[in-house]
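Let's take a friendly walk through a protein model, one residue after another. Have a look at the structure below before reading on.

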Amino acid sequence: MDHREKALEQHYTYQGKVVSVRVDRVLLPDGNESMREVVEHPGGVCVAMEDENGLFSVVTQWRYAQEKELTEFPAGKLEWGENPFDAVKREAAEETGFEGRDWVELGEFVPTGAYGGEKVWLYYAKQGQYVGQHLDSDEHLDTEKLTLEKIIEKIMAGEITDGKTAVLAFKVREWKNRR
């Protein structure tokens with residue numbers, strides 16, 4: 001069965017700097033109509049960057065919407081239409097101070113498929129040369145380095161709850177195991 005739904009009408013209720021929200025009237029596969037709320041987002045990137053000692057950079061920062069600090073792999077938002085690989089190279093250097101090398105794309109992650117249009121492209125890289133950390137003016141974070149197994153332990157213990165970081169950690173471990 002074809003499960004696609006067709007937009008009949010779209011109405012924007014909010015258009016912001018990071019997200020826009022719209023309400024769509026849709027035609028369902030069975031011929032009935034329904035409403036869908038959609039949060040538009042340009043997407044993001046996330047990188048698991050490993051140094052020569054097998055340690056991975058993670059950042060801890062305040063996440064306002066969650067009202068707590070989260071520990072995550074370095075990540076960032078795409079600009080509308082931006083190439084994900086260009087964005088991940090920029091974000092890796094901005095947040096860790098290091099360029100990446102030997103990049104491997106590990107697919108995409110959909111954080112909230114029921115209502116959100118956001119996709120996060122996931123990457124693995126080896127740590128390259130130091131170029132200096134360049135945080136955005138509204139970005140305040142701490143960096144540390146952990147083994148992949150320690151990151152996974154923290155995920156399993158509920159100490160790391162960020163979805164993109166959890167998915168990427170397990171993808172990196174599986175990718176390494178298959179090599």
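A residue is called buried when its relative accessible area is under 20%, exposed when it is over 50%, and partly exposed in between (1.4 Å probe, protein chains only). The model is predicted, so local features need pLDDT of at least 70 and side-chain atom pairs count only at pLDDT 80 or more, while totals for chains, interfaces and linings use all residues. Residues are numbered from 1 along each chain as its sequence is written, and side-chain values use heavy atoms, leaving out hydrogens and water.

Start at D51, which counts as buried because its relative accessibility is 5%. The side chain of D51 makes a polar contact with the side chain of K145, at 3.3 Å; such a contact is a pair of N or O atoms within 3.5 Å, and within protein one must be able to donate a hydrogen and the other to accept it, with residues adjacent in sequence counting only if both atoms are side-chain atoms.

Now follow K145 to a ring: K145 lies over the face of F98, 5.0 Å from the ring centre. For this, NZ of Lys or CZ of Arg must be within 6 Å of the ring centre and within 35 degrees of the ring normal.

S57 also counts as buried, because its relative accessibility is 5%. Leaving aside residues up to four places away in sequence, S57 touches several residues, including F73, Q127 and K145, where contact means heavy atoms within 4.5 Å.
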